[in-house]
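Trainee: Could you walk me through reading a sheet and the helix beside it? I would like the general idea, then the case at hand.

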Amino acid sequence: MDISDKIPGIKKHIGDRDVFIPEWTMQQHIAKTKYVMPLVGGPMANAAAMASEEDDDDSGSLYLAAVIRGVTDALATQDLSITIPELLDGVVFLNDNGVPVQASIKRLEEAGMTYKDVLMICVSVIKVNVGPLFDGDLQGNLMGL
């Protein structure tokens, strides 16, 4: 049995590393909402505003532009020195020897990961834990407001 089979979380390959993304408990969702929702709310609102029922190639480009604008605006307004450690909480990666290590900005940097890699880990944490909120019934209910 591979050691990675024993590490809790969803395995992702980011940079040159296997990274394990934890699935949050309800209490963790509640505690992290103030960090996560500003990152996803703006991009989702921008994208929804640009979406149309008659999506074609041009509107697809506008949709992507709206998402990119929303994400960059959200990142620019967040204190990432607080948000990133909150999102890394519980994330584990395998070091060069295949040993699981609790992720932190310092440990990831020492392991050769870049700022882009750290942002990709954070995006994965958000996708795993917050993405389901925007699928199905909740999204439909929000759109009906």
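**Reading the sheet**

Mentor: Strand 1 and strand 2 pair in the antiparallel sense, over 5 bridges. Two strands pair if DSSP finds at least two bridges between them; helices (H or I, at least four residues) and strands (E, at least two) are DSSP runs, numbered from the N terminus. This is a predicted model: local features need pLDDT of at least 70, side-chain atom pairs count only at pLDDT 80 or more, and totals for chains, interfaces and linings use all residues. Residues are numbered from 1 along each chain as its sequence is written, and side-chain values use heavy atoms, leaving out hydrogens and water.

Trainee: Which residue stands opposite His13 in strand 2?

Mentor: Asp18 does. In this hairpin, with 2 residues between the strands, Gly15 takes a positive phi near 65°.

Trainee: In what order do the 4 strands form the sheet?

Mentor: Strands of a sheet pair through backbone hydrogen bonds, either parallel or antiparallel. Here the order is 1-2-3-4 in an open sheet, with antiparallel pairing. Strand 1 (10–14) and strand 4 (100–102) stand at the edges with a single partner strand each, so one side of each is left without a neighbour in the sheet.

Trainee: How do strand 3 and strand 4 pair?

Mentor: Strand 3 (residues 92–94) pairs with strand 4 in the antiparallel sense over 3 bridges, and Val92 stands opposite Gln102.

Trainee: Which strands does helix 5 touch?

Mentor: Helix 5 (residues 115–129) packs on the sheet, touching strand 1 and strand 2 (17–21); contact means heavy atoms within 4.5 Å.

Definitions and conventions
Axes are lines fitted to C-alpha atoms, for helices over the stretch in contact, and angles run from 0 to 180 degrees between N-to-C directions.
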